[in-house]
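The following exercises ask the reader to work through a protein model, with a solution after each task. Please keep the sequence and the structure in view.

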Amino acid sequence: TEGQETFGGYSRKRFETLVAKARSVGAEYIVSFVHWGSMNTRSVTEAQLQESQFMADCGADIIVGSHPHVVQEVRYITSEDGRKVPCAFSIGNFMSSQYELAENRDSVLLRVELVRGKDRLISRVSYIPCHSFDTTGGVTVRPIYPTFSEGARQAMERIMINIGDNVKPYVEKPRLLLSGSVILDRIFRGD
């Protein structure tokens, strides 16, 4: 309707307009979240490749996809202006009880760290691999890196194959290690 923003209805013209509008009001970093691809396939389609290039050329700073119900490759697309734009073609199903493929229960949380560069924000991308497990209360989503079971190891292997070598899993490094102090242990546990 006149004067109101609408959802859906992707077109290249509409995408260009939205990116230009976002930049005109001061957006420093543009995330494009796209519903695309073929269900239950790890293969990126030609249409995904073409549209991701178009989005990068229009000014998207990162592209994140969904719909295939499996994790697909993450790659960097070189835009017309020379930027390296991360594109996660599909991040999988965050929570799923699907059984068609083992991959239907795999997902990644994309971790994007923004760093101010000389003239723009630069992203450092990693991922937290997750898997949906059946529990007595239903389905539970858990990070699976480092792996803690044979099922988690298999899911991690599938995710690493699907996502490729362009990004690495995020591993949180402890900032402080307390060892051997009963008093400190009580303080941090809240006893």
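Contact here means heavy atoms within 4.5 Å. The model to which this applies is a predicted one.

**Exercise 1. Determine how the chain is built up from helices and strands.**

Solution. Step one is the count: the protein chain holds four helices and eight strands. Step two is their order, which from the N terminus on reads α-β-α-β-β-β-β-β-β-α-β-α. Step three concerns burial: of the 191 residues in the protein chain, 36% are buried. Step four turns to contacts between residues at least 6 apart in sequence, of which 56% join residues at least 24 apart.

**Exercise 2. Identify which elements supply the largest nonpolar core.**

Solution. The largest nonpolar core comprises 19 residues, and Val 108, Tyr 127, Ile 144, Ile 159, Ile 163 and Val 167 have the most contacts inside it. Two or more residues come from each of strand 2 (62-66), strand 6 (121-135) and helix 3 (150-163). Helix 3 contributes the most, with five residues. Ile 144 can then be examined individually: beyond its neighbours within four places in sequence, Ile 144 contacts Pro 129, Cys 130, His 131, Phe 133, Ala 152, Ala 155, Met 156 and Ile 159. A second, separate core has 15 residues, including Val 19, Ala 60, Cys 87 and Phe 89.

**Exercise 3. Classify two aromatic pairs by the distance of their centres and the angle of their planes.**

Solution. The total is four aromatic pairs. For Tyr 10 and Phe 15, the ring centres are 6.3 Å apart and the planes stand at 55°, so this pair is tilted. Tyr 10 is partly exposed, with a relative accessible area of 44%, whereas Phe 15 is buried, at 10%. Tyr 10, Phe 15 and Phe 54 form one aromatic cluster.

For Trp 36 and Phe 89, the centres are 5.8 Å apart and the planes at 25°; planes under 30 degrees apart count as stacked, so this pair is stacked. Trp 36 belongs to the loop between strand 1 (31-35) and helix 2 (46-58), and Phe 89 to the loop between strand 4 (84-88) and strand 5, so the pair ties together parts 53 residues apart in sequence. Both Trp 36 and Phe 89 are buried.

**Exercise 4. Find which rings have an arginine over them.**

Solution. Arg 111 is placed over the face of Tyr 170, at 3.8 Å from the ring centre. The charged end of Arg 142 lies over the ring of Phe 148, 3.9 Å from its centre.

**Exercise 5. Decide whether Ser 79 is buried or exposed, and name what it touches.**

Solution. Ser 79 is found in the loop between strand 3 and strand 4. Its relative accessibility is 4%, so Ser 79 counts as buried. Leaving out residues up to four places away in sequence, Ser 79 touches Gln 53, Ala 56, Asp 57 and Val 85.

Conventions. Residues numbered from 1 in each chain as written. Predicted model: local features only at pLDDT ≥ 70, side-chain atom pairs only at ≥ 80, totals over all residues. Heavy atoms only, no water. Core = buried A, V, L, I, M, F, W, Y, C linked by side-chain atoms within 4.5 Å. Buried < 20%, exposed > 50% of the residue type's maximum accessible area, 1.4 Å probe, protein only. Phe/Tyr/Trp six-rings, centres within 6.5 Å; stacked < 30°, edge-to-face > 60°. Lys NZ or Arg CZ within 6 Å of the ring centre and 35° of its normal.
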